[in-house]
Amino acid sequence: MRGRPKTQLVLTPVELEQLTALTLRRKTAQALALRARIVLACAQGTDNKVVASRQRVTPQTVSKWRARFVQDRLDGLLDAPRSGAPRTIDDARVDAVIAKTLESVPQAATHWSTRTMAREAGLSQTAVSRIWRAFGLQPHRQETFKLSSDPLFVEKVRDIVGLYMDPPLKAMVLCVDEKSQIQALDRTQPLLPLAPGIAERRTHDYERHGTTTLFAALDIATGAVIGDLHRRHRSSEFLQFLRTIESNVPQALEIHLVMDNYGTHKTPAIKNWLTRHPRFHAHFTPTSASWLNQVERWFATLTLKYIRRSTHRSTRQLEQAIRHYIKVNNDDPKPFVWSKTADDILASVERFCLRTSNSRH
């Protein structure tokens, strides 16, 4: 025999079963299945050249995977880790891109784009995109905020969050507000329905058919909602809604109302009515802090799920739809879970105030 002697290749029953499975399994990578067939053929004593001819590979390929299997067994058939291409952008250039993104703006724009930054930094647009993505930079996005200037902000936060986290016994906590100017809108042309590969389509223009106002009280314990609909949202309508709440809450329970500082909530008529009904206790959110009122989140869900994409040809039709949504909600109510303590909220606001006070913009 000519050439170097080959190390004997003997398979254990387990290895034979696993290699055979690799050749038969549909989801096995083709490269791995080929290597398994090479090893199985070699284990039967077939010459390397014959195996190479049958598998349509070179003899060198057969020798390589035979030797790898003899040395590392089944692990030897896997691809070895590769180092990859060397870096072409060093840390200094990455730092420069990050610093320029955070500390400057282009001459003719309010924010950087990947193209303008690529031209400025002498990099490709793809490279800038990778750097921004790695460090969570999104110059094209902007969000708004408003800090409350209420002098009693801390006290009101602790009061309302205390109701959420530890509600009083024999009492119902209701988050109350009105969603005003809900428009009954109808599209000028019929909707084109959803189809495979095609989104639902509607005209951009619409016809107005009046507005209505929803007064709502969300029970934080159950998620059930007491609702009233009125065409206007004056103090007299709010007083009617308070009477609706009174008739729907058992007389044995105290009622704690979480409300914002809207004018209709503080008129003399409302104050006199609350004075005559001592089981009602009003808790006002800080100014510019409506996010503390849980019913605002319920309003957002109502808009997103039911109102925004619907069409109504009259105010009465809109009000019927809202009443239907409230009924469906109350058939299987789900309360919101309030998890942040007052200390957590105040600490977060403090950190935000420090950031804004140190900002140079």
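Mentor: Begin with one definition: a residue counts as buried under 20% relative accessible area, as exposed over 50%, and as partly exposed in between. Keep in mind that this is a predicted model.

Trainee: Is E120 buried, exposed or partly exposed?

Mentor: E120 has a relative accessibility of 47%, so E120 counts as partly exposed. E120 sits in helix α6, which covers residues 114-121.

Trainee: Which residues does E120 touch, leaving out those up to four places away in sequence?

Mentor: Under that condition, E120 touches K100 and W112.

Trainee: What about a residue under the 20% cut-off?

Mentor: Take E15, in helix α1 (residues 13-24). The relative accessible area of E15 is 10%, so E15 is buried. Leaving out residues up to four places away in sequence, E15 touches V10, F69 and R73.

Trainee: How far is E15 from L318?

Mentor: The two are 303 residues apart along the chain, and 70 Å separates their C-alpha atoms.

Trainee: You named R73 as a contact of E15. Where is R73 found?

Mentor: R73 lies in the loop between α4 (59-72) and α5 (91-103). With a relative accessible area of 27%, R73 is partly exposed.

Trainee: What should I look for in the backbone?

Mentor: Most residues other than glycine have a negative phi. R73 is not a glycine, yet its phi is positive, near 55 degrees. K170 is another non-glycine residue with a positive phi, of about 50 degrees.

Trainee: Where is K170, and is it buried or exposed?

Mentor: K170 is in the loop between α8 and β1. Its relative accessible area is 68%, so K170 is exposed.

Trainee: Which residue could I look at in helix α8?

Mentor: K156 is in helix α8, residues 153-165. At a relative accessible area of 18%, K156 is buried. Beyond residues up to four places away in sequence, K156 touches D150, N261, F284, T285 and P286.

Trainee: F284 has an aromatic ring. Which residue lies over its face?

Mentor: K266 lies over the face of F284, at 4.7 Å from the ring centre.

Trainee: How do I describe two rings together?

Mentor: A pair of aromatic rings is described by the distance of the centres and the angle of the planes. Rings pair if their centres lie within 6.5 Å, and planes over 60 degrees apart count as edge-to-face. By this rule there are seven aromatic pairs. In one of them, W273 and F280, the ring centres are 5.0 Å apart and the planes stand at 75 degrees, so the pair is edge-to-face.

Trainee: Are W273 and F280 buried or exposed?

Mentor: W273 is buried, at 2% relative accessibility. F280 is buried too, with a relative accessible area of 5%. Elsewhere, W298, F299, Y306 and Y325 form one aromatic cluster.

Trainee: What is a case from a loop between two strands?

Mentor: Q189 is in the loop between β1 (171-187) and β2 (206-219). Q189 counts as partly exposed, at 49% relative accessibility. From Q189 to F336 there are 147 residues in sequence and 38 Å in space, C-alpha to C-alpha.

Trainee: Now the whole chain. How many helices and strands does the chain have?

Mentor: There are 13 helices and five strands. The radius of gyration is 35 Å, well over the 21 Å that the globule rule gives for 361 residues, so the chain is more spread out than a compact globule. Along the principal axes, the C-alpha atoms fill a box of roughly 115 × 55 × 50 Å.

Trainee: Into which domains is the chain divided?

Mentor: The division gives domain 1 (13-77), domain 2 (91-135) and domain 3 (152-191 + 203-351). The C-alpha centres of domain 2 and domain 3 are 45 Å apart.

Trainee: And what share of the residues is buried?

Mentor: Of the 361 residues, 35% count as buried. The accessible surface of the chain is about 23600 Å², and 52% of that belongs to carbon and sulfur atoms. Among contacts with a separation of 6 or more, 67% join residues 24 or more positions apart.

Conventions
Residues are numbered from 1 along each chain as its sequence is written. This is a predicted model: local features need pLDDT of at least 70, side-chain atom pairs count only at pLDDT 80 or more; totals for chains, interfaces and linings use all residues. Side-chain values use heavy atoms; hydrogens and water are left out. Domain bounds come from an automatic or database domain assignment. Rings of Phe, Tyr and Trp (its six-membered ring) pair if their centres lie within 6.5 Å; planes under 30 degrees apart count as stacked, over 60 as edge-to-face and the rest as tilted. Buried means under 20% relative accessible area, exposed over 50%, partly exposed in between (1.4 Å probe, protein chains only). A charge sits over a ring if NZ of Lys or CZ of Arg is within 6 Å of the ring centre and within 35 degrees of the ring normal. Helices (H or I, at least four residues) and strands (E, at least two) are DSSP runs, numbered from the N terminus. The radius of gyration is taken over C-alpha atoms; the globule rule is 2.2 Å times the number of residues to the power 0.38. Contact means heavy atoms within 4.5 Å. Accessible areas come from the Shrake-Rupley method with a 1.4 Å probe; for residues, only the protein chains shown count as cover.
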